[in-house]
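Welcome, and thank you for taking a look. Below is a short briefing to read with the structure in view.

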Amino acid sequence: MQTITIKPKKEIKISVEAENITPDKLAGKTEQEIQSMEAWVGNQKTTLGELFSIRVEGSAPAAETKIVMEGDFARVKRIGEGMTSGLLIINGNVDMHLGNKMSGGNITVKGNVDSWAGREMKGGELIIEGNAGYYLGAGYRGESCGMRGGKITVLGNALDFVGEHMCGGEIIVKGNTGILPGLSNNGGKIVIEGNTSRPGSEMSKGTIIVNGTVDEMMPVFKLEGNEDLGGVLYKKYTGDVISNGKGLLYVR
Amino acid sequence: MELIIKNGTVYDPVKGINGDKTDISIRDGKIVDKVSGKATVIDAAGRLVMAGGVDAHSHIAGAKVNVGRIMRPEDTRSGIKPRTKITRPFTGYTVPNVYAMGYRYAQMGYTTVFEAAQAIMKARHTHEELEEIPIIDKGALTLFGSNWPTMDFVREKDMDKLAAYVAWGLLASRGFGVKCVNPGGGEMWGFGKNVNGLDDVVPNFDVTPKEIIVSLMKANEMLGLPHSLHLHCNNLGKPGNYKTTIASMELANQVKASKDRQVMHVTHLTFNSWGGTNWGDFESKADEVANYLNNNDNVTGDMGQLIWGSATTMTADGPVQYANAKLLHAKWGNGDVELEDASGVVPIYYVKQISVHAIMWAIGLELALLTKDPYKMLLTTDHPNGGPFVNYPEVIALLMSNKKRQEEIKTLHEAVHARTKIPEIERELDFGEIAIMTRAGTAKVLGLLDTKGHLGVGADADISIYDIKPDQIDPSVEHAKIKSAFSSAAYVIKGGQVVVKDGQITATPPGRTYWVDASVPRQHTNEMMKDIVKKFKNYYSMQLANYMVQDEYVTHAQVVKAGAIPVEVN
């Protein structure tokens, strides 16, 4: 077991890109080695050691590595990018692109995350105890597939376009979401416990379940009747009928 | 500046050199007989030496390439390489940025590339991009197939005016040759329709695709242009289209060549050699097309080989792109160039286990292997329609190694066995034949054989040296080595300057832009311009005065003079 503790040395005001902070890249490395790894502040190249204080206990492969991040990372982007295994715990807020393209392992954030968290992720689990920004589990600009596998759980709220272009995997939002969750979906499952508006336009496949109220329905869904899902009666819609979609939308 | 390449194993089919050890002398950007003792020596040490590669059909610049870039930000994020002291940044795979176009071609040993389609109205954009593509020489073919003036003059059977219009259109677009895409179809697409055969009548113009093709070939030969008509056939992308393709090729018999070359070049035949009646009974008819080429000397073609993975289809064939976007549920970019043509851009992903894709992969290779004379079948991927040009080394390796093909076939959809002939074809091309398909042949088809595609005295000093010793390698077995050597040349010399060493760019001189200035009798131009002025007054949304590409847009021009008609002095 290897535990790596990372704390900001001082308040970070200019955004940092720290895609090296993943169990895959830090496992088995010493404090000095990690301190000399590259990071960017704005358009300036720097090292992780310049920005963060780093403590390492033990040495182990990525699967048995735990990274604990203490403090405010609200201007630190791309944490956990492409991780395949291990554990990443963040006791604070983080910036955009958390865990993008991750395919395994587990990320837990005690605070809030900014937009594009879990974008194009293929596997693993992402747990956000606070709120999420826009495009949670979506595809980045131009991608035809967003999230393809794995699971994202948000205990708070999420903003617009949850799971846009999703092709697989599961997103659960305990709170409310902004407009158009599941836009252009081609697979996967989104469960919204709270309220939302205009879910699931341009869907061709996939499932959206809304347990709260839907402020506004898109007129492109066809009501198929009622269906019982685990003891709860939902109105079942299919669509988007304009693009001949086979997506499923369940609303209470 | 003098340079001498010693101890190379040279393949120069034009001069009949097939693997001989000869030295190549270079002075002031040209290949010469001999140089003084002060010349810089490059020791090729037995390695493969060829003329710089020439690509006759690739989409490297212009409006639709840029639409592809705008539509595909995800493509731009792949292939990123930061700038260095010498090179600017690289981005993209199927639609690279302008700099990467030049750098990546140069790294493969290519030194001349032709953009396959520009509308006259969009030509300024094409040249703005061509200007920024480093190292390589280039040029652009101009679209004439669905232009209103073309169709008017064809209907009126006024060949003098048509020839004058082609000459003026080449000048206006600073274009190199006559491209004709799905003739008549671009106009029909303006009404949401398409032409379905060579004898369909284009409404409002009362002409058929057949008449357009034959008339443009005649105009092309009247003007004595270096390149022939460059045809993208009707019915592209529809099963059973090989019949239209062969019927189009037969039209070449109606016209006599003005020069020692074909009268018609039919491009990206992978997309035009389709049998069957629908996607279910889709099959390869590459053998029929190759057979036609084997028995006729006035037509050439190029492969348009399909490459697995991501591609971006882009063409002036608007209707076929609408069909593609619907079929694939893909992003669709549509363009209309007023009075001139249509266009469309659709991303695609070619998958080994999809029967249609597996058969198309086989068609390209069948075309190259069943056509006996490599001068008649050039190597292209119709970049980026069949796949990006950086995959040419993969295609070379496939053509040189039956073993590689058989290994690949094992991973493909089973349809490749029943509906193509590729599993039984054992032919393996040699270095000389590859040199023809990528250099000598392409230069000949383009009409540039005096200075490009060979290593004879007087040729441009565009030379590539690859890290292979032809006498010590069996390409059939060591196909991986062939692929890696052609991907990253040991040396590339462009215009007498070393631009690539060990696969790395060492210098980035600007390339030249070829265009054709064809003269026609003054009174023909005057008559023709009366119609053009009327078109601008009544239909175009822009002014005639703003139409021409000015010389400021072509700062390194290489003007090729043409014009067979005697011109009166005035």
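Two strands pair if DSSP finds at least two bridges between them, where strands (E, at least two residues) and helices (H or I, at least four) are DSSP runs numbered from the N terminus. This is a predicted model, in which local features need pLDDT of at least 70, side-chain atom pairs count only at pLDDT 80 or more, and totals for chains, interfaces and linings use all residues. Residues are numbered from 1 along each chain as its sequence is written, chains are lettered from A and ligands numbered from 1 in the order in which they are written, and side-chain values use heavy atoms, leaving out hydrogens and water.

**Strands and domains of chain A**

- Strand β3 (residues 38-41) of chain A pairs with strand β4 (residues 44-47) of chain A in the antiparallel sense, over four bridges, and A:Val41 has A:Gln44 as its bridge partner in β4(A).
- These two strands, β3(A) and β4(A), form a hairpin with two residues between them, and A:Gly42 in the turn has a positive phi of about 55 degrees.
- Strand β2 (residues 16-17) of chain A also pairs with β3(A) in the antiparallel sense, over two bridges; here A:Glu17 is partnered by A:Trp40.
- Domain bounds come from an automatic or database domain assignment, which divides chain A into domain 1 (1-67) and domain 2 (96-251).
- The C-alpha centres of these two domains of chain A lie 31 Å apart.

**Inside the protein**

- A nonpolar core is a set of buried Ala, Val, Leu, Ile, Met, Phe, Trp, Tyr and Cys residues joined through side-chain atoms within 4.5 Å, and buried means under 20% relative accessible area (1.4 Å probe, protein chains only).
- The largest such core has 153 residues, of which B:Met217, B:Trp361, B:Leu399 and B:Phe431 touch the most other members.
- Helix α12 (residues 355-370) of chain B gives the largest share of this core, 11 residues.
- A second, separate core of 55 residues includes A:Phe52, A:Ile54, A:Phe73 and A:Leu136.
- B:Arg47 sits in the loop between β4 (40-43) and β5 (48-51) of chain B, and it counts as buried because its relative accessibility is 14%.

**Where the chains meet**

- Five residues of chain A are in contact with five residues of chain B, contact meaning heavy atoms within 4.5 Å.
- In chain A, A:Arg141, A:Gly142 and A:Glu143 lose the most area to chain B, together 70% of what that side buries.
- One salt bridge is found across this interface, a salt bridge being a side-chain nitrogen of Lys or Arg within 4 Å of a carboxyl oxygen of Asp or Glu.
- B:Arg77 forms a salt bridge with A:Glu143, with the closest N and O atoms 3.4 Å apart.

Conventions. Buried < 20%, exposed > 50% of the residue type's maximum accessible area, 1.4 Å probe, protein only. Buried area = accessible area lost by both parts, 1.4 Å probe.
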